[in-house]
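This report describes the fold of one protein, strand by strand and helix by helix. The sequence and the structure come first.

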Amino acid sequence: MSGMRKRLILVACLLALAARAEPPKETPKETPQEPVEVLRQRLAERLATPVQGQASVRPAARPARPAKAEAAKPLRWGYTGDVGPQHWAELAPENKLCAVGTRQSPIDIRDGLAVDLEPITFDYRPGAFSVLDNGRTIQVDVAPGNGLTVMGRRYELQQFHFHRPSEERVNGKQFDMVAHLVHRDAQGRLAVVAVLLERGRDDQPHPIIQTVWGNLPLEKGEALAAQVPLDLGQLLPQDRGYYTYMGSLTTPPCSEGVLWMVMRQPVGLSGQQLDVFARLYPMNARPLQAGSGRLIKQSLGGP
Ligand SMILES: [Zn+2]
């Protein structure tokens, strides 16, 4: 058999396979029909590869990369259009609070009571981390051992992630970005520390941001384990004054009872670092929510 003939037969087989591939019955309609796409991709690869003399035993295709549930699932909520913040509550019953909650975040932080706020005792130490592009933000998962203590309660850091622009405002001012460090105590209560990020000197990239950006995974939904440690103490501003109020998750299901601590002093990053995130997520901030008479406290002093 000539090389060309073999090649034609191979193409015919692959085409037949591609035509037969149907999504499994239980697959929801909106799921991408990956089997066909994968076969087409392989077909394209094979057509680009010269057929060799005795190539007939070569496997027709590599095994498909196992599709992770996270990656294969369509985005069920987002920041614009039909799945944007105004529609979150309609997308799933468990998101009801997104529409009717009265302790929602983010808020415009103003008129706080300036009091002798207890300092947050941060217990952050250099440790392993991995970076995930989850389709809505860049999220950094950290090894156990980082935590904070406030009001007699210890909260363990779970992950941190970014929003652009900052979700929270302070006296109406919005910042270039914000990092949310999500902590949980032994009873499951959440405490989020917000570190406001704003463009500082372009010749002084922020070392933590630089390390995280340097470990961005190439594919969405696939966490990349970094080969260097991350010392999160370096992400905190020097001035540890903060604003605090009770709010919610700023993403579905918008659960309430979240203790928010927004660091008062913003942290600088370079324009280039801002651009990196802007190219991935130009806008992933939930709009402001009503304050509804909530008490806000803030550390004494400061600007
Ligand atoms: Zn967040």
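## The hairpin of E10 and E11

In the hairpin formed by E10 and E11, five residues lie between the strands, and Gly188 there takes a positive phi near 95°. Helices (H or I, at least four residues) and strands (E, at least two) are DSSP runs, numbered from the N terminus. The model is a predicted one: local features need pLDDT of at least 70, side-chain atom pairs count only at pLDDT 80 or more, and totals for chains, interfaces and linings use all residues. Residue numbers start from 1 along each chain as its sequence is written.

E10 and E11 run antiparallel and are joined by eight bridges. Two strands are said to pair if DSSP finds at least two bridges between them. Met177 has Leu197 in E11 as its bridge partner. E10 is also joined to strand E7 (residues 153–163), by seven antiparallel bridges, and His180 in E10 is the bridge partner of His161. Strand E10 (residues 177–184) has six of its eight residues buried, so it is largely enclosed by the rest of the structure. Here a residue is buried if 20 or more other C-beta atoms lie within 10 Å of its own, exposed if 12 or fewer, and partly exposed in between, with C-beta atoms placed from the backbone.

## Overall make-up

The protein has seven helices and 16 strands. Of its 303 residues, 26% count as buried. Among contacts between residues at least 6 apart in sequence, 68% join residues at least 24 apart. Two residues are in contact if their C-beta atoms, placed from the backbone, lie within 7 Å.

## The nonpolar core

A nonpolar core is a set of buried Ala, Val, Leu, Ile, Met, Phe, Trp, Tyr and Cys residues joined through C-beta atoms within 7 Å. The largest one holds 48 residues, and those that touch the most other members are Val178, Ala179, Ala194, Val195, Leu196, Leu197 and Val262. Strand E11 (residues 190–199) supplies the largest share of this core, seven residues.

Which residues does Val262 touch, not counting those up to four places away in sequence? They are Ile109, Glu168, Ala194, Tyr242 and Tyr243.

## Strand E13 and its partners

Six of the seven residues of strand E13 (residues 242–248) are buried, so this strand is largely enclosed by the rest of the structure. E13 pairs with strand E14 (residues 256–263) in the antiparallel sense over seven bridges. E13 also pairs with strand E16 (residues 297–299), again in the antiparallel sense, over two bridges. Thr244 has a bridge partner in each: Met261 in E14 and Lys297 in E16.

Strands of a sheet pair through backbone hydrogen bonds, either parallel or antiparallel. Strand E8 (residues 169–170) and E9 pair in the antiparallel sense over two bridges, with Val170 opposite Lys173 in E9.

## Helix H6

In helix H6 (residues 207–214), the residues Ile208, Ile209 and Val212 are buried. Seen down the axis of H6, its buried residues fall within an arc of 95°, so they line one face of the helix. The arc is that of the directions from the helix axis to the C-beta atoms. What covers these buried residues includes strand E4 (129–133), strand E5 (138–142), strand E15 (267–269) and helix H7 (271–280).
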